[in-house]
Amino acid sequence: MKSRTAIWFETKISYEKTMEDGLQKKVKEQYVVDALSFTEAENAITEEMSSYISGTFDVTDIKKASVKEVFFSDDEKDDRWYKLKLEFITIDEKTEKEKRSSVWYLMQAASLPTAVKYIGEVMGKTMIDYVVSSVAETKIFDVFEHKAQ
């Protein structure tokens with residue numbers, strides 16, 4: 001499993017897709033791209049999707065993603081994306097009270113239990129106390145990393 005920390009943008013595109021029955025249907029799909037700005041995110045998703053889609057498509061939405069790190073699986077069965085919220089637990093030395101800070105991750109996995117298992121494996125290599133407070137399957141089709149020109 002590899003991970004990548006970056007500035008991620010959630011993008012949505014709309015296009016005419018040929019269905020299995022041969023009919024055309026307008027579809028909307030969500031992707032995540034690694035970019036430094038909204039303009040770069042639009043260029044990245046346009047470049048990536050132009051090789052997959054014949055015809056025209058519209059980029060209908062771009063927003064900064066709440067995730068900072070994405071975990072990519074090496075297993076081809078892991079074809080879904082899950083958003084996980086972890087709360088890191090620290091103790092304030094002055095007040096001796098527990099403090100929690102939340103961090104969002106994106107995990108590629110085949111199922112929700114697999115995503116939880118993977119984050120456990122990743123976090124098991126650290127000394128950080130944490131709680132998985134949220135895991136949800138997303139509608140993200142794929143995640144594209146920045147390509148060096």
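Is Phe144 buried or exposed? Phe144 is buried, at a relative accessible area of 9% (buried means under 20%, exposed over 50%, partly exposed in between, with a 1.4 Å probe and protein chains only). Keep in mind that this is a predicted model, where local features need pLDDT of at least 70, side-chain atom pairs count only at pLDDT 80 or more, and totals for chains, interfaces and linings use all residues. Residues are numbered from 1 along each chain as its sequence is written, and side-chain values use heavy atoms, leaving out hydrogens and water.

Now for the layout. The protein has two helices and nine strands, running β-β-β-α-β-β-β-β-α-β-β along the sequence (DSSP runs numbered from the N terminus: helices are H or I with at least four residues, strands E with at least two).

On to the rings: there are five aromatic pairs (Phe, Tyr or six-membered Trp rings with centres within 6.5 Å; planes under 30 degrees apart are stacked, over 60 edge-to-face, the rest tilted). Take Phe9 and Phe38: with centres 5.0 Å apart and planes at 70°, the pair is edge-to-face. It links Phe9 in strand 2 (residues 8–18) to Phe38 in helix 1 (residues 38–50), 29 residues apart. Phe9 is buried at 0%, while Phe38 is partly exposed at 45%.

Back to Phe144, then. Its ring and that of Tyr31 have centres 5.8 Å apart and planes at 25°, so they're stacked. Tyr31 sits in strand 3 (residues 24–34) and Phe144 in strand 9 (residues 140–144), so the pair ties together parts 113 residues apart in sequence. Tyr31 is buried too, at 6% relative accessibility, and Tyr31, Phe141 and Phe144 form one aromatic cluster.
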